Amino acid sequence: MTLETAKRIVRDHGEVACKEALAIVRGGMTICEKNVDGSRKYIWLKIMPTKTDDESSIDVALEILRMRKTRQSSPAPIGQTQTEPVIPNVTKAPNFLNETETQMARQSFFERIKNKAVEMWHEIDSIVVE
C-alpha cells in the first residue's frame, strides 16, 4: 500500500481503519511472537510503504524480518570468527609516515576518538583564561 492511500484511509476511517494503513502512517507496528516455552516476545516491525497498492507492506516487512533472522542465526558468533584485526600490507616507504600516523593506524576507533577528545580538551584548557 502506498503512503498516500494509507493516509487517505486513516483520514476517512480514523482509528478503526485497517491495520496496514495505520502501520504505514505510524511507521511500524508491534507484532507478538511466541517462543517454544510459551513466552511471548513483542517486536516493533518497521513498515515501509510499497510502490503499488497491490503489494502488502506488512508482508514485505515480515519477509525482511525472516531474512534477518535466518542471517543472524549463524552457528559461530561474530566475535569468534575473526581473532585478530586484518591490516593490509602497505608498500609505502617508512619515511612517508611519521610515528603518530602509524600509531593511529594501529589504534582502535574508540582509542582514536578518546585521543582526539583529550587533544581538544587540552586545547580548550589552553584557551580559557582563569
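This is a short chat about a predicted model of one protein chain.

Visitor: How many helices and strands does the chain have?
Guide: The chain has 6 helices and 2 strands. Along the sequence they follow the pattern α-α-β-β-α-α-α-α.

Visitor: What share of the chain is buried?
Guide: Of the 130 residues, 18% are buried. The accessible surface of the chain is about 11500 Å², and carbon and sulfur atoms hold 57% of that area.

Visitor: Now α1. Which of its residues are buried?
Guide: Thr5, Ala6, Ile9 and Val10 are buried in helix α1, which covers residues 3–13. Seen down the helix axis, the buried residues of α1 fall within an arc of 130 degrees, so they line one face.

Visitor: Why would residues three or four places apart point the same way?
Guide: Because an α-helix has 3.6 residues a turn.

Visitor: And what covers the buried residues of α1?
Guide: The cover includes α2, residues 19–26.

Visitor: Which exposed residues sit on the face turned away from the buried side?
Guide: Glu4, Arg11 and Asp12 are the exposed residues there.

Visitor: What follows α1?
Guide: Gly14 does, with a positive phi near 70 degrees.

Visitor: Different topic. Which residues form a nonpolar patch on the surface?
Guide: Val60, Ile64 and Met67 form one, with about 240 Å² of accessible area together.

Visitor: Where is Val60 placed?
Guide: Val60 lies in helix α3, residues 57–72.

Visitor: Why does Val60 count as partly exposed?
Guide: Its relative accessibility is 35%, so Val60 counts as partly exposed; that class lies between under 20% for buried and over 50% for exposed.

Note on methods. Residues numbered from 1 in each chain as written. Predicted model: local features only at pLDDT ≥ 70, side-chain atom pairs only at ≥ 80, totals over all residues. Heavy atoms only, no water. Patch = residues over 30% accessible without salt bridge, like charges linked within 9 Å, V, L, I, M, F, W, Y side chains within 5 Å. Areas by Shrake-Rupley, 256 points an atom, 1.4 Å probe, with all protein chains shown as cover. Salt bridge = Lys/Arg side-chain N within 4 Å of Asp/Glu carboxyl O. Helix = DSSP H or I, 4+ residues; strand = E, 2+ residues; numbered from the N terminus. Buried < 20%, exposed > 50% of the residue type's maximum accessible area, 1.4 Å probe, protein only. Arc of directions from axis to C-beta. Contact = heavy atoms within 4.5 Å.
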